[in-house]
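Trainee: Please take me through the structure below, with the criteria behind each value.

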Amino acid sequence: MAAQSSRTFTIEEVSKHNKEGDLWIVIDSKVYDISKFANLHPGGTGILLAEAIAGKDATQAFFGLHRQEVLLKPQYARLQIGLIAGEEPVVKPLAVDEPSRVPYAEPSWLSAGYHSPYYNDNHRRFQRAMRKFAMEVVYPDAVRCEENGKRISQDVVQKLCEMNIPAMRLGPGKHLKGRTLLGGVTTPEEFDHFHELIVNFELSRFGTRGYIDGLLAGEVIGLPPVLNFGSPALQAKVVPEVLDGKKFICLAISEAFAGSDVAGLQTTAEREGDEWIITGTKKWITNGMFADYFTVGCRSKDGYVVVLVPRSDDVFTKAIKTAYSSTAGTAYVTFEKARVPVAYTLGKVGEGLQVILSNFNHERWMIVCTSLSAQRMVVEECLKWVNQRMVFGKPLSSQPVVRAKLASMIARVESGQSWLESITYQMNNMSYAEQSDKLAGQIGLLKQYITRTGRETAEDATQIFGGRSITASGMGKLIENYHRTSPYDAILGGQEDVLGDLGVRQAIKKMPKGARL
């Protein structure tokens, strides 16, 4: 194989192999013998035997129909028999930790020659290491699980936990103390919200939206109430179990009766001696299908309360079929008089709403990070496609209407990035209480902006890719996934209209009394 692929041929030599049973083609200066493959070609033999393809340079035709990754599959790579003499391949896969060179495919701080006031050398080393890990360890599992609907593999969970990535997704804090982060690339003392932003960005670039939620998103939103409001004994038991990948946790707040209206919860907690008796249902619970712990918002006779409920024979989960992959473990959860020790109470009875709401800012900020990363991936896909797709004898990029769509897409993603980084900088320089006071409205407005622009970008990308954008495989598969799943971000963590209103109400509350026109 190696000896064959090092051979060189002239275009004239290749052109002699242009008929059925003896068929060669050239793709990006590489010579492929497809004589035996032709009959297996999904598109039939006709297109391969066409005068413009057989024995010719078929680069343009190939990249108008197929993604580069097709050539890298073993069954197709072995068809390569050599190279065209004096030519070098133009298309060269990037190293796994190398940033894309496509304009606007990366945040500007990762692009050559650009600068940023927010990121230092430690952030840059961390990003390269995180991308390498994500591409080598997480990406194959993401693609597999997105398609088959199975939960994240335990092997990947263990590798994530060895790098302490689940712990880093909770942000900087006491839970990182004594942990080695990403093999020692950074330390708990150095780790800040920009490192956390990088983690979220690198895990969200795959075009596998269901898997992103299946990637232990339940831990990101379900464990903080334990960290912040659980007793020392409860923390000592539960936090290591979850951060080391031995147990899984989810946040169980939403109900069929109450979504964004958190105060409308109907699940009840009745005190009986040293136990709570939990009765009720929760809906759309991410990771609920495989969770061992449920952080549950309830009503009690003394007001709202949050209780950590372990899975038991009195806790039932049923999968909810949604528009995205079941790898997210989305569940309908029923508590049938589930008995839980009072020691599993999170915070004070009557202050449950504060416990629930305290975590929303971070959850919404995380959703912004993952949503914006996916939106930027779509921009990259579109820029590549318009450059290689030929229509009316010219690249698709020659069409003014297409360039106008790209201009809008780029403006959205770049403005969102700037707003996100500004808020993240504030998070690094504010206490938790200050963030709740000053950033709740901004984060709500930013989430509304990112999720709305995401759906606009999804529509523009669909028009650019045409029929391929509604096909779950092939050239437009990432666009199809994004178009189908981008509405999730507009709902999860708080419906976008509710968050827009929250942002404005927060601004009105802070209006100076003497402000007049």
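Trainee: How does the lining of the largest cavity divide by class?

Mentor: This is a predicted model in which local features need pLDDT of at least 70 and side-chain atom pairs count only at pLDDT 80 or more, while totals for chains, interfaces and linings use all residues. Residues are numbered from 1 along each chain as its sequence is written, and side-chain values use heavy atoms, leaving out hydrogens and water. A cavity is a set of points on a 1 Å grid over the protein atoms alone where a 1.4 Å probe fits but cannot get out, and its lining residues have an atom within 4 Å of a point. With Ala, Val, Leu, Ile, Met, Phe, Trp, Tyr, Cys and Pro taken as nonpolar, Asp, Glu, Lys and Arg as charged, and the others, Gly among them, as polar, the lining of the largest cavity has 6 nonpolar, 8 polar and 2 charged residues.

Trainee: Which residues of that lining lie nearest the centre of the largest cavity?

Mentor: The largest cavity holds about 120 Å³ of space, where a volume is the space filled by probe spheres set on the grid points, joined across faces, edges and corners. Of its 16 lining residues, those nearest the centre are Ser204, Gly207, Thr208, Arg209 and Ala374.

Trainee: How are α6 and α9 oriented relative to each other?

Mentor: Helix α6 (residues 121-148) and helix α9 (residues 193-203) pack with axes 9 Å apart at an angle of about 25°, the axes being lines fitted to C-alpha atoms over the stretch in contact and the angle running from 0 to 180 degrees between N-to-C directions. Angles under 35 degrees count as roughly parallel, over 145 as roughly antiparallel, 65 to 115 as roughly perpendicular and the rest as oblique. The angle of this pair therefore makes α6 and α9 roughly parallel.

Trainee: How many nonpolar, polar and charged residues has the contact of α6 with α9?

Mentor: Contact means heavy atoms within 4.5 Å, and the α6 residues involved include Phe126 and Met130, which belong to the set that meets α9 residues including Ile198 and Val199. By class, the contact of α6 with α9 has 8 nonpolar, 4 polar and 2 charged residues.

Note on methods
Helix = DSSP H or I, 4+ residues; strand = E, 2+ residues; numbered from the N terminus. 1 Å grid on protein atoms, 1.4 Å probe; cavity = no way out; pocket = protein on both sides within 12 Å on 5 of 7 lines; lining within 4 Å.
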